[in-house]
Amino acid sequence: MTDLYSTSQPRFPAPNLRVTASPGIDSAASTVVLAMRADASPAVLDEALAAARREAACVRAVVFGTDSTTAPSVSPLAQCTRLGESLAEAGVEFEVQRAGSDPAEQILTLAEDHRASLIVMSTKRRSPVVKLLLGSSAQQVILEAECPVLLVK
């Protein structure tokens with residue numbers, strides 16, 4: 001007799017977070033992960049592109065809207081598309097993903113799955129009390145990443 005109650009059955013397939021990508025992204029040998037806040041300065045993208053060129057790597061980006069680990073992150077598709085256009089103009093292989101429910105975990109998984117040589121991440125200054133109460137995606141990535149992490153204001 002089949003036990004339908006003990007094993008969970010997924011009701012819906014996992015959503016695909018990829019918004020846009022270059023044709024050769026799946027054959028890229030080296031990866032730089034870009035974690036881009038929606039309100040980040042252009043210096044974040046510049047640093048990621050410089051690292052990708054230096055390492056002859058592709059850029060796999062996650063666009064997220066907030067740095068809190070307690071609030072869901074929202075990344076409008078227009079921002080993801082604009083980032084994809086900027087990466088295409090720069091001439092690097094790329095993939096742009098919208099943020100899922102946990103941006104820090106998504107960034108870490110992306111870096112681990114593709115053996116990233118570097119994570120470039122945008123951040124903003126927050127008080128220690130706010131970090132304590134709300135958490136920080138950047139802090140989680142710094143503590144748990146297996147590769148170097150470059151934070152850019």
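## Stop one: a strand residue

Select T31, which lies in strand β2. Strands (E, at least two residues) and helices (H or I, at least four) are DSSP runs, numbered from the N terminus. The model is predicted, with local features needing pLDDT of at least 70 and side-chain atom pairs counting only at pLDDT 80 or more, while totals for chains, interfaces and linings use all residues. Residues are numbered from 1 along each chain as its sequence is written, and side-chain values use heavy atoms, leaving out hydrogens and water.

Is T31 buried or exposed? At 1% relative accessibility, T31 counts as buried. Buried means under 20% relative accessible area, exposed over 50%, and partly exposed in between (1.4 Å probe, protein chains only).

Now show what T31 touches. Leaving out residues up to four places away in sequence, the list is A57, C58, R60, H114, A116, S117 and L118. Contact here means heavy atoms within 4.5 Å.

## Stop two: the whole chain

Zoom out. The protein has five helices and six strands. From the N terminus on, the order is β-β-α-β-α-β-α-β-α-α-β. Of the 153 residues, 42% are buried. Take the contacts between residues at least 6 apart in sequence: 77% of them join residues at least 24 apart.

## Stop three: strand β3

Select β3, residues 58–64. Seven of its seven residues are buried, so β3 is largely enclosed by the rest of the structure. Colour its two faces. C58, R60, V62 and F64 are on one side, V59, A61 and V63 are on the other, and all are buried.

β2 and β3 pair in the parallel sense over seven bridges. Two strands pair if DSSP finds at least two bridges between them. Pick V33 next: its bridge partner in β3 is R60.

## Stop four: the nonpolar cores

In soluble globular proteins, nonpolar side chains tend to be buried together. A nonpolar core is a set of buried Ala, Val, Leu, Ile, Met, Phe, Trp, Tyr and Cys residues joined through side-chain atoms within 4.5 Å.

Select L34, L45, L83, L87, V96 and V120. These have the most contacts inside the largest core, which has 22 residues. The elements giving two or more residues to this core are β2, α1, β3, α2, β4 and β5. Its largest share, six residues, comes from α1.

Centre on L45. Leaving aside neighbours within four places in sequence, L45 is in contact with L34, M36, L83, S86 and L87. Apart from this core lies another, of 17 residues, among them A104, L110, I119 and C147.

## Stop five: the largest pocket

Which residues are closest to the centre of the largest pocket? Select M36, R37, A38, Q79 and L83, which are among the 14 lining residues. Two or more lining residues each come from β2, α1 and α2, and α2 gives the largest share, four residues. The pocket has a volume of about 240 Å³.

On a 1 Å grid over the protein atoms alone, a pocket is an open set of points where a 1.4 Å probe fits, with protein on both sides within 12 Å along at least five of seven lines; lining residues have an atom within 4 Å of a point.

## Last stop: E85

Select E85 in helix α2. At 46% relative accessibility, E85 counts as partly exposed.

Definitions and conventions: Points joined across faces, edges and corners; volume = space filled by probe spheres on them.
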